[in-house]
Amino acid sequence: MAWASGFDAFFNNFKRESKIIDEEAIALIKAYIEKNQLQEAVSVIENALRGIESAPLNIAVTGETGTGKSTFINALRGVGQEEDSAAPTGVVETTMERTPYPHTKLPNVTIWDLPGIGSTTFTPQNYLTEMKFGEYDFFIIISATRFKENDAQLAKAIAEMEMNFYFVRTKIDNDLGNEQKSKPKTFNKGKVLEKIRNDCSEHLQKVLFSQPPVFLVSNFDMSDYDFPELETKLLQDLPAHKRHIFSLCLQSLTEATINYKRDSLKQKVFLEAIKAGAIATIPLGGMISEDIEDLEETFHLYRSYFGLDDASLENIAKDYNMSVNHFKVHLRFPHLFAESNDESLEEKLSKYIKQISSVTGGPVATVVYYQRAYYLQNLFLDTAANDAIALLNNKELFENKVGQYISKPLVYWE
Ligand code: GDP
């Protein structure tokens with residue numbers, strides 16, 4: 001079938017670390033489509049989608065008391081330190097057991113708070129057995145200020161179990177602040193960071209005989225320092241079917257993260273459309289109101305994934321001491337369904353279909369062309385992702401120019 005090549009061409013648009021389906025499955029689906037064995041193709045797609053949707057993600061975070069482990073866990077879960085469900089911060093650890101923290105929006109994701117190995121009497125091997133090491137997708141070892149030999153021993157034991165660990169050094173903002181205060185004339189941010197990184201790496205190398213990457217972070221600013229690199233590395237290392245859930249679990253703090261989420265959801269929507277399109281071609285008709293209602297649900301979900309749900313917007317408004325309506329008018333999503341708008345949703349959609357078809361074009365577009373749902377989902381997805389980016393870019397504006405924001409139009413994507 002002619003559109004088989006369009007199928008894998010679609011996935012070529014995405015970087016390796018964004019792909020939510022592995023190359024073998026893509027090749028297999030393509031081969032089935034070529035041979036016109038659509039039932040077989042659909043069954044591989046169904047399997048892949050099932051794997052993506054049901055993939056559990058268990059992240060182990062270990063580190064000594066006071067290193068910022070709880071703050072890191074809360075930041076990863078997108079939970080404010082003062083919220084009820086937050087991992088308690090600033091308290092001395094007394095438990096020798098792991099504590100599960102479910103992700104607030106994604107029930108399949110659990111972040112496990114493991115007691116620091118130094119506060120237990122276990123050897124690294126026993127520690128891993130006690131902590132049920134086989135249940136995690138990867139380990140994050142948190143350290144701050146002084147390097148602990150225990151952490152290196154633990155890293156070694158994890159590596160021996162052939163599991164992935166990532167070494168995270170927190171409170172970088174403190175280190176930089178202190179250096180700047182003590183050496184105001186010679187202070188060089190890059191050099192300070194390099195020194196800390198090398199120091200951690202050398203300690204680890206002594207025990208591991210290899211140099212694992214060390215990620216320097218500030219839990220108070222996860223969009224800065226090495227946190228974005230850590231996200232990319234984790235996405236690269238995870239099996240393809242787990243990337244979707246992991247990308248959704250990341251906070252929309254950088255443009256790169258927002259695009260990971262967009263890419264991931266685009267592939268999922270595409271696989272669903274091909275699955276439906278390969279079975280039956282739905283004729284293009286007028287917009288059916290029930291369709292729209294169903295899709296509005298999807299849209300609410302996208303808003304929440306990109307941090308544009310009402311609760312998230314309220315939080316941002318509170319942070320900047322402004323009313324939600326002041327920045328909401330500049331975002332596009334609130335106007336999507338508004339009937340009073342000049343353009344109806346149907347008109348917007350038909351424009352979008354033309355635009356997206358001219359970009360993706362080709363035979364695959366003709367298969368999904370008749371599926372309004374496919375285009376609507378993409379329209380919603382792009383609107384939410386672009387609004388999230390607009391919000392991110394404008395946060396800087398809010399920070400620097402509080403008071404002037406009302407008269408200034410917000411910078412928006414085009
Ligand atoms: P835990 O005992 O390892 O769980 O550490 P907490 O998360 O409770 O943090 C201990 C203290 O360090 C708290 O006062 C946090 O606010 C503070 N903290 C945590 N992470 C950072 C960070 O990246 N930078 C700075 N400056 N302080 C941090």
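## The largest pocket

In this predicted model, the largest pocket holds about 1400 Å³ of space. Its lining consists of 44 residues, and those closest to the centre of the pocket are Gln251, Leu253, Ile316, Asp319 and Lys395. Several elements give two or more residues to this lining: helix 4 (69-77), helix 10 (240-249), helix 12 (289-305), helix 13 (310-319) and helix 17 (372-400). Helix 17 provides the largest share, with seven residues.

## The shell around the ligand

The ligand is surrounded by 17 residues, of which Gly66, Ser70, Thr71, Gly90 and Asn219 are the closest. At least two residues of this shell come from helix 4, and at least two from helix 7 (172-182). The most is given by helix 4, which supplies three residues. Helix 4 is also among the elements that give two or more residues to the lining of the largest pocket.

The shell around the ligand contains eleven polar residues, four charged residues and two nonpolar residues.

## Polar contacts and cover

A polar backbone atom of Thr67 is 3.1 Å from an oxygen atom of the ligand, and a backbone N or O atom of Lys69 lies 2.9 Å from a ligand oxygen atom.

Notes: Residues are numbered from 1 along each chain as its sequence is written. This is a predicted model: local features need pLDDT of at least 70, side-chain atom pairs count only at pLDDT 80 or more; totals for chains, interfaces and linings use all residues. Side-chain values use heavy atoms; hydrogens and water are left out. On a 1 Å grid over the protein atoms alone, a cavity is a set of points where a 1.4 Å probe fits but cannot get out, and a pocket is an open set with protein on both sides within 12 Å along at least five of seven lines; lining residues have an atom within 4 Å of a point. Grid points are joined across faces, edges and corners, and a volume is the space filled by probe spheres set on the points. Helices (H or I, at least four residues) and strands (E, at least two) are DSSP runs, numbered from the N terminus. A residue is near a molecule or strand if one of its heavy atoms lies within 4 Å of it. A polar contact is a pair of N or O atoms within 3.5 Å; within protein, one must be able to donate a hydrogen and the other to accept it, and residues adjacent in sequence count only if both atoms are side-chain atoms. Ala, Val, Leu, Ile, Met, Phe, Trp, Tyr, Cys and Pro count as nonpolar, Asp, Glu, Lys and Arg as charged, and the others, Gly among them, as polar.
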